[in-house]
Amino acid sequence: MKKHIIYTLVALSLLSNGCDSDFLDVKPTTLTDEAIWKDPALAEAAIANLYTGIRLTEKEASQGERYIGFGRGFHWAMFASITDEAVYSNDDQTYLVQRGQLSPSNFGWTSTVWGRSYRVIREANLALSKITETPITEERRAMLQAEIRFVRAYRYFDLLKGFGGVPLLGDAVTQLTDDFSQFYERKTIEETVDYIVSELDAVIGVLPDDPGSTWKRGRATTPAAMALKSRVLLYAASPLYTDGADDAAKWQKAADAAQDIIDLNKFSLVKNLSADPSENYRLLFVSTPTQEDIFFREYTNTSPSMAMERMNAPNGYGGWGGNTPMQNLVDDYEMENGLPVSDPASGYDPQNPYMDRDPRFYATILFNGAAYRGRQVETFLPSGKDSPDGNEPWNTSPTGYYLRKFLKESISLDDWNNMGTATWRYFRYAEILLNYAEAQNEATGPDQSIYDAVNAVRERAGMPALPAGLSKEQMRQRIWNERRIELAYEEHRYFDVRRWMVAEIEENQIAQGISITRAGNGTLTYQLKEALGGKKFLPQHYWFPIPQDEINASNGAIEQNPFY
Amino acid sequence: MMKHLPKITKIVVMALLVTTSQLNVAPLFAQAGEITGTVRSLDEGTPIPGVSIFFKGTTIGTTSDQDGKFVLNAPNKDAIVVFSFIGYKTLEIPLNGQSTLEVSLESDISTLSEIVVVGYGETKKQSLTSAITSVKGEQFVKSPQPNLSNSFAGRVSGVIANSAAGEPGFDNARILIRGQSTTGNNSPLIVIDGVANRLGGLERLDPNDIESVSVLKDASAAIYGAQAANGVILITTKRGTSSAGPVVNFSYNQGLARPTRLPEMADAATYATILNEIQYYRSSAGGLNQIYSDDEIEKFRNGSDPVNYPNSNWIDAVMKPYSLLDQQNLSIAGGGNDAQYFVSVGRRHQTGIYENTNLNFEQWNVRSNIDVNISKNFKLGIDLSGRNEDRVYPTESAGSIFRSAFRTYPTLPVYYPGNLPSPGIEAGLNPVVISTAAAGSDKQPRTVINTLLSLDYKLPFVAGLSLKGFYAYDRVFESRKRFRTPWTVYTLNNSTSPVTFDPTVRGPLTPELTQGQRTDLLATGNFSINYEKTLGETELKAFVAYEQNVQEANWFETFRRGFLSPAIPEIDLGGSAPEERTNSGNSERFTRRNYFGRVSADLKSKYLAEIQFRYDGSSKFMKGNQYGFFPSASVGWRISEESWFRVGAINNLKLRASYGLLGNDRIRPFQYLNTFNLRTANYVWNGTPIPTFGISQLANPDITWETAVKLDVGIETIILKNLTLELDYFSERRTDLLIPRTGSIPMVSGIVNEYNASAIIPDENIGEVKNSGFEAQVSYDRTIGKLSLNAGGNFTYNKSEVIFIDDPDGIPAHQRREGKPLGSQLLYETQGIFRDAEDLTAYPSLAGNRPGDLIFKDVDNDGVITANDRVRESLSNVPQIVYGFTLGAGFGNFDLMVLLQGQARSVQYVLTEAGEVGNYFNSWAENRWSPSNPNGSYPRVDVRTSSSINGALYRNDFWLYNTSFMRIKNIELGYNIPSAERIRLSGARVYVSAFNLATFSKVRDFDPEGQSESAQFYPQQQIFNVGVNLKF
């Protein structure tokens, strides 16, 4: 019996250990919001996160590829490839936009800005509500609050330019159990603009004027907020935003906002990178920082964007011929003498089309015969190295051109570890000058200040001044073209042709490329070709469609954009 | 311990203790004298310990000891003594005044007395009150193949086992018991030797070590509470017996494997024509020869210039005709009265299917299951098993290699003259290079250690009362060393004469090494109080138990590039610049605490009833929501035992029913917290990358288990002794289904999930899914002279139906998931192809439509094709019907086994990556619509399928394949060599067998079990074996 009792005790003791009462109390191994907002360094890292946004479709940057910022920026397929600037050789949901197939259930990577922006807006609101708990000085808190509000305003601008008037959330931090129907009402364009501008006015002067040791480069500044305000007001005065009403007061407000930045005397056009204006312009986009930069996103080799160099280089160099410029863009570069190629007096020779063009052409576009990475680009047939006869012919350009802007030529195309390190500029001074010129011209007609602004941009580019005595209409056309050339591939064209309400003309042109044939004696023959069949723009495409899932989730309460 | 027991358990425990103590002191009958004796087995004459011996109609009883001996005090001289023991026929002997009894028990070979392992116990088949399928281990040894999970298909009624891929080491089947009921984790709970969630899983167990497999399909699984809703698979490994001398088994098997099915790709001439067509659709003015002239296409066809105009078959180039695999196993089992043992060692080895590959898989496993009888009543079990898997792979995944093989153009040579590999389709990913060690190697060894100490103590002072318990401790060590090295491909340089081939280095610029380690731990302690008693004609069994476990995982990984040489893959030799190094790591911990018990009663072997309960606590939930209660009940009625039942042809007839509540806690932990995650180097300040923190999850403080209510009604019968039939109707209602409200939460709220990343919208207990169906099993055995025959079949039909799943209010009825099976897709319906321009006006079309495009059905009849025309499909890739048929025959020394297996009512969406981005399946290429083939049955080609108007841009049912199939899953022919006494062999058998011998299906281009939408996966294997089994 004694033995049995011992066995029983042994059995019980072996098997009943570990009955402590907090056995189910397991600490999480991820960071909780408690931990974040009580620690100043973590809180600022959470605010820094607001400058980037999550991926919503396969064709957007994921965390490993550095999340997308404002707009789209650097990506495999760039925004340029859903405009009349470029054809993307791998499609990646660009053709559906260029072919007029954009719809609420088929929007590729366009309408994703809806969800992405609202997610950051909510995170910004959460940051605003929590930053009050963070142990920092009141001065620092004020700056952080202003920074959060800047980011939020920029996100609303992304929504505005995509969709028009949108629901405004104020400072609400929504919770799972909320009644979301209070957010289904789309505000008017004017209300949306007013909200963005009032937010920007509130942070201008609170944000620092310059980055410094405690406010690193890459964060919002007062000039960044002023530049955003300039662009918002320029858009807000444009026909698409005013229903065609030509409101001089609105144009004047836009002009004044741009003038405010000019008056800071803080920024200037970069001229010192090379004595050659073309090379100077090319180097601007591979240099950081410059005196022209107002607000930008930097990349480094451990925090790169995409393998942009590899993506866009010609197939003969081992590149993938990505965002290839259209002939339509090439044709809009003036001759070096300041005359458009369509002007018989310009000296343009269709059988020698790349001679004596605007210096910016050579810095933006690679064409047959361009000197590049140790040899000349060969897009001619037969047997051109960068033509369909070249290496990996599926990577050849559908347009006959390749992109040069933004791409660092100093690094090897095999050096994956250093690609995609160029800076994406959200705002640079040249745009502000052109914003001013456009708005002032619309408000008052051509005056000297307008000539000064446009000519400053042209002079830096190595182009002659605009001829005197232009009418308001003529000046408008010159400014529009100047934006197309100076700001090519910088995510302006898509929105410019829409806000000017000329997309039905511009985006319904045939997407053209060039086909070059080399005869035995070396003579080249140039022939236009259709680079992408079915180019089309329909009236609904002035705005992005609101995703069908969103309409469904609101049971139809969120109003779709017209004609979709 | 008691003070932490929840109230209800306390009551049950107390009640039981009170009952047992009362029984202990119950007054005895007047004694008639001491009876002694021995119980032996009739066949072998060996003593049987543990036999339950009692006087009929009384509670007086005992059990036989180690030597089969027993001592009893008889109440009177005419008492009837009942001897009963599992696996033997119950024997009743009238005492008739005897004082010694020498008893021999006849083993019960009929299926009725077969022992079935159930949750935390075992029972006779005839006493079962629930739907449990039990399969003997030897079934799984038939037709050897490397992964146990692939042996379930067709063999186990109610189980769906689909093999998604065949890569050595990554060939696990998706196992589902009676379909799927949740959008979350549908995998059943795996219990090995009584330990739930054993690390290492079932897939790589050696089938030679397996005694039996039981599958709990209904509420009987409720004894596993919160983990049981997806069903439970119980695996029991072999143990030694005291009755037999050492039995040595040795088996050797050599197999040849080849893919079950691979696509045939378009040849070079066809593909060149396709490229011309794509360019034509892009720019029609240029005509149909913008890329290749007819002369060039002819050169692809006639092979006159293999350097410039090759015709490559990339799949043939990458793959060997077959790969090799072999298995060996040696086991010794035996024991005496004090100890019994089963020890085994096994090895299996597989090579990859690629030419010249470094892919190699080798597994060694050892097992030692030892039982020690410390005393007559105290038994200790010590089980140790371990396994080492040496896994070496190419640095590119199988998905990437097959992607390259399917995509790379047939118009590119595989090699240029001199065996110089060409660049492949992009980034130098020539599949014949990246599938070999030329691109480095990826070593992923894994070690699994399972230990189990168990004890069983029969309290001598209370008959029938015993204490049992176990402590199991498992660890898994997985490490990874992936060393990617640059490789060289060659490009054709036509500018020299003769042409030259320029080497280009591809892959990483410098060698790079990823090294990491993961360790997993599972520690489970279990303790139970068990009671068995016969009260008159009622057999009563009960237990209460406590169990707790801890699960932990720790992981880290480090990365270096900038190695100067590919010679030595060691972290120390990697580059030292900050951008050349990264490190990462994490850990998690998870605990459970459970109280459970069961009471079962068997009245006259006629009326059966069972009640189970389980009270489960889990650290995954917030305090206050941590515990859940899961009761179940089942009853059985053996009609054939009723005295009025006199149907001679029917040997057994039983009705049974079970009903119970089960849970599913296989969800992400900590969903009750707001959490943030680190985004490394996400933004740049002052030229320096900084990490940022973003919201990764919003809290749902109310989160709790998914609950399943399961009902099963079954009938079992045996007709004319040879025909066994079992029919079940079952239904399950899964409520509190954990789904995120992604459908009804608008994005404007800012609560938006990221694509392809963990969701910030937490799961909420809001979904509801119904499953119902029926199962049938039949088997027939017959021996006619020298011929023995057995045939069997099983058939399961199961339909899942969503009751609620947060469909947004705004969608049309034909798009709702409610009423459709889980996982069914939303697709446009197609109705042919626009043959010409006329068709384009005859049907509603889309912007950009042209002849050759698919015609979509205007479901809502509004004259235009919009998102509203998409329709929710009524089938998913989980088959609604699965079935298996076995046929076994023996004649003299020969034996034959055939297993047919199949599925029906399932679909799989497959749209390959083709266009300018890759080659086409020939079935499409040959039958495509083109200007010269306006009657083609497939749509026209396009730049890339992923953004084609006929492809992913408008996901449609043209690409939905009917994946019904029937397979000759296994066939085995064996010859038993007549006993060869001289070489001390007691048995020897040689066999030939085949696995996946033939598949009958409408799907031609890929294996119908594939679950990849791109079909880019390592194909399932067809295996031919020869082998020998020796028994000493």
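Tutor: A crossing is left-handed if the near helix is turned anticlockwise from the far one by less than a right angle. Keep that in mind for this predicted model.

Student: Which crossing is left-handed here?

Tutor: That of α6(A) and α7(A). Helix α6 covers residues 138-163 of chain A, and helix α7 covers residues 189-203 of chain A.

Student: Why are α6(A) and α7(A) called roughly antiparallel?

Tutor: Set the angle against the cut-off. Their axes cross at roughly 155°. Angles over 145 degrees count as roughly antiparallel. The two helices are therefore roughly antiparallel to each other. Their axes come within 9 Å.

Student: Which residues make the contact?

Tutor: On α6(A), they include Phe150(A), Tyr156(A), Phe157(A) and Leu160(A). On α7(A), Ile189(A), Tyr195(A), Ile196(A) and Leu200(A) are among them.

Student: How do the contact residues divide into nonpolar, polar and charged?

Tutor: Into 13 nonpolar, one polar and three charged. Tyr counts as nonpolar in this scheme.

Student: What makes Ser331(B) count as buried?

Tutor: Buried means under 20% relative accessible area. Ser331(B) has 6% relative accessibility, so it counts as buried. The residue sits in strand β18 (residues 323-335) of chain B. Leaving out residues up to four places away in sequence, Ser331(B) touches Val247(B), Val248(B), Asn249(B), Phe342(B), Val343(B) and Ser344(B).

Student: How do you know that β1(A) pairs with β36(B)?

Tutor: Count the bridges. Pairing needs at least two. β1(A) and β36(B) have two bridges, in the antiparallel sense.

Student: What makes β1(A) and β37(B) edge strands?

Tutor: The open sheet runs β1(A)-β36(B)-β37(B), with antiparallel pairing. β1 (31-32) of chain A and β37 (688-697) of chain B each have a single partner strand, so one side of each is left without a neighbour in the sheet.

Student: Which helix of chain A lies across β1(A), β36(B) and β37(B)?

Tutor: Helix α3 (residues 40-48) of chain A, at about 85° to β37(B). Helix α5 (residues 112-130) of chain A also packs on the sheet, touching β36 and β37 of chain B. Its direction makes about 95° with that of β37(B). The range for roughly perpendicular is 65 to 115 degrees. Both angles, about 85° and about 95°, fall inside that range.

Student: Is the pairing of β1(B) with β7(B) parallel or antiparallel?

Tutor: Parallel, over six bridges. Val39(B) has Val103(B) as its bridge partner in β7(B). With β4(B), strand β1(B) pairs in the antiparallel sense over six bridges. There, Ile35(B) stands opposite Leu72(B).

Conventions:
Residues are numbered from 1 along each chain as its sequence is written. Chains are lettered from A and ligands numbered from 1 in the order in which they are written. This is a predicted model: local features need pLDDT of at least 70, side-chain atom pairs count only at pLDDT 80 or more; totals for chains, interfaces and linings use all residues. Side-chain values use heavy atoms; hydrogens and water are left out. Helices (H or I, at least four residues) and strands (E, at least two) are DSSP runs, numbered from the N terminus. Contact means heavy atoms within 4.5 Å. Axes are lines fitted to C-alpha atoms, for helices over the stretch in contact, and angles run from 0 to 180 degrees between N-to-C directions. Angles under 35 degrees count as roughly parallel, over 145 as roughly antiparallel, 65 to 115 as roughly perpendicular and the rest as oblique. Buried means under 20% relative accessible area, exposed over 50%, partly exposed in between (1.4 Å probe, protein chains only).
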